[in-house]
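Have the viewer open beside you as you read.

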Amino acid sequence: DAEPFYAAAYVGLANCYSELGSYALGPPEETFPKAQWAARRALEMDPSSGIAYAALARVQLFYTWEFAAAERHYRRATALDPRSTGAWGTHGGLAFYLALMNRPDEAIAETKVGLELDPLSLLTQAAAARPYYNARRYPEAIAQAKRTLEIDSTFSRAHYWLGMSYEQTARLPEAIQEFKETIKRAGPIPVYSAALGHA
């Protein structure tokens, strides 16, 4: 309320609502429309905001399933804000999109851009394991998750991707331990509890 015309605040709001919906911490039919509204409000205030396009693309990827529009907006985001990092920054978002669309080489290349821009970002480091996981390159996913944990051994998302990769390589006791560590650090978020139950 103090800064009603500050576009970046609406981007943050959009990403918070998307995070709630993505992790089943709020009803998706409530959280994602709010995320979409906030992203569009940010773009009304600042049409040159790359991170606002990335926030809108996230809704299109996860909720409305407008995949062509999501890619278009992620591409626009990286063009407008080529130095944006983080799991939901312009490069991180595009990398996730490409991984989900089964375009692993492009996803890994985009991830590497984010790592070069911000090598100490925990979110960027942990998210960098995901394209390798999706490409079934599990040893590389494990190595990337471990690199993240060398920076911060308590970071839950790195433990999660390590657990996911261990499970796919039949290292089930280690996977279970990593999922327990994930829940210890992040709480019983449904996706993490489900991963533990599956392992």
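Helices (H or I, at least four residues) and strands (E, at least two) are DSSP runs, numbered from the N terminus.

A word on the model: it is predicted, so local features need pLDDT of at least 70 and side-chain atom pairs count only at pLDDT 80 or more, while totals for chains, interfaces and linings use all residues. Residues are numbered from 1 along each chain as its sequence is written, and side-chain values use heavy atoms, with hydrogens and water left out.

Is α10 mostly covered or mostly uncovered? It is mostly covered, with 12 of its 13 residues buried. Buried means under 20% relative accessible area, exposed over 50%, and partly exposed in between (1.4 Å probe, protein chains only). Among the buried residues of α10 are Arg157, His159, Tyr160, Trp161 and Glu167.

The cover over these buried residues includes α1 (7-22), α7, α8, α9, α11 and α12.

## Two nonpolar cores

A nonpolar core is a set of buried Ala, Val, Leu, Ile, Met, Phe, Trp, Tyr and Cys residues joined through side-chain atoms within 4.5 Å. The largest one here has 25 residues, and those with the most contacts inside it are Tyr133, Tyr160, Trp161, Leu162, Met164, Phe179 and Tyr192. Two or more residues each come from α7 (122-127), α8 (129-134), α9 (138-151), α10 (156-168), α11 (172-186) and α12 (190-198). Of these, α10 gives the largest share, six residues.

Leaving aside residues up to four places away in sequence, Met164 touches Tyr133, Phe179 and Ala195; contact means heavy atoms within 4.5 Å. A second, separate core has 23 residues, including Ala39, Ala54, Ala55 and Tyr74.

## Two alanines with positive phi

Most residues other than glycine have a negative phi. Alanine 24, although not a glycine, has a positive phi of about 55 degrees. Its place is in the loop between α1 and α2 (28-45), and it is partly exposed, with a relative accessible area of 48%.

Just after α10, alanine 170 takes a positive phi of about 65 degrees. This alanine 170 sits in the loop between α10 and α11, and at 63% relative accessibility it counts as exposed.
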